[in-house]
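Open the model in your viewer and keep the selection panel at hand. Each stop names what to pick and what to look for.

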Amino acid sequence: MEKKNIHVVGAVIVNDSKILCAQRGETKTLSYKWEFPGGKIEQGETAEEALRREIEEEMQCKISVGEQVDHTVYEYDFGVVHLTTFYCALIEGEPVLTEHQSIKWLLREELPMLDWAPADIPAVEKLVND
Ligand SMILES: Nc1nc2c([nH]c(=O)n2[C@H]2C[C@H](O)[C@@H](COP(=O)(O)OP(=O)(O)OP(=O)(O)O)O2)c(=O)[nH]1
């Protein structure tokens, strides 16, 4: 059986030189791994639209979506995640902890301290070296 392709967008929200990192909950796939907030692109949405929707839903704030950071494809046991990350900025409100286990604002050089979802590691490396 072919694995399902899952198209996911992640927001690299930069504020005051720090980047928002979010930890997945215990009951989720990839439990306790860190990720960039976001989620699956729905039918008929652009990547940017999906990202703005997901951040409003899960972080209760509004963002603008800028340049792409990275695009990675990672094969997990549950499917193949195609992850595209974008630089984002807050335009209204502040991120609120809702679905995640925890959230943290870190400087670029601090990002490697966290236990990232494997699909995110190339993006994290790019951010550290940029
Ligand atoms: N939002 C987000 N998801 C990521 C990242 N890296 C990564 O491997 N993923 C995976 C986790 C999920 O399998 C999928 C995103 O789907 P989702 O955000 O709707 O995840 P979910 O836990 O609510 O849904 P599910 O997989 O439990 O059904 O992509 C990332 O940086 N951000």
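Two residues count as touching when their C-beta atoms, placed from the backbone, lie within 7 Å. Keep in mind that this is a predicted model.

**Stop 1: Ile41**

Select Ile41. It sits in the loop between S4 and helix H1 (47-59). Is Ile41 buried or exposed? A residue is buried if 20 or more other C-beta atoms lie within 10 Å of its own. Ile41 has 21 C-beta neighbours inside 10 Å, so it counts as buried. Now show its contacts. Leaving out residues up to four places away in sequence, Ile41 touches His7, Val9, Ala47 and Ala50. Ile41 and Gly66 are 25 residues apart in sequence, and their C-alpha atoms are 17 Å apart.

**Stop 2**

S1 and S6 run parallel, paired over nine bridges.

S5 pairs with S6 in the antiparallel sense, over 12 bridges. The two strands form a hairpin, with two residues between them. Pick Tyr76 and look across: its bridge partner in S6 is Gly79. Then pick Tyr74, which stands opposite Val81 in S6. While the strands are on screen, recall a general point: in a regular strand the side chains alternate between the two faces of the sheet.

**Stop 2: the ligand shell**

Select the ligand and its surroundings. How many residues surround the ligand? The count is 16, and the closest are Gly10, Glu35, Gly39, Ala117 and Ala119. Colour the shell by residue type. It divides into eight nonpolar, four polar and four charged residues. Then colour by strand. S1 (5-15), S4 (38-40) and S6 (79-92) each supply at least two residues of this shell.

**Stop 3: Gln23**

Gln23 is found in strand S2. It is partly exposed, because 19 other C-beta atoms lie within 10 Å. Show its contacts too. Not counting residues up to four places away in sequence, Gln23 touches Tyr32, Trp34, His100, Gln101 and Ser102.

**Stop 4: helix H2**

Select helix H2 (residues 121-129). Which of its residues are buried? They are Ala123, Val124 and Leu127. These residues cover an arc of only 100° around the axis, which puts them on the same side of H2. The general rule is that an α-helix has 3.6 residues a turn, so residues three or four places apart point the same way. Now show what covers the buried residues of H2: the cover includes S1, S2 (18-23), S5 and S6.

**Stop 5: the annotated span**

Conventions: Residues numbered from 1 in each chain as written. Predicted model: local features only at pLDDT ≥ 70, side-chain atom pairs only at ≥ 80, totals over all residues. Near = placed C-beta within 6 Å. Helix = DSSP H or I, 4+ residues; strand = E, 2+ residues; numbered from the N terminus. Nonpolar A, V, L, I, M, F, W, Y, C, P; charged D, E, K, R; others polar. Pairing = 2+ DSSP bridges. Buried ≥ 20, exposed ≤ 12 C-beta atoms within 10 Å, placed from the backbone. Arc of directions from axis to C-beta.
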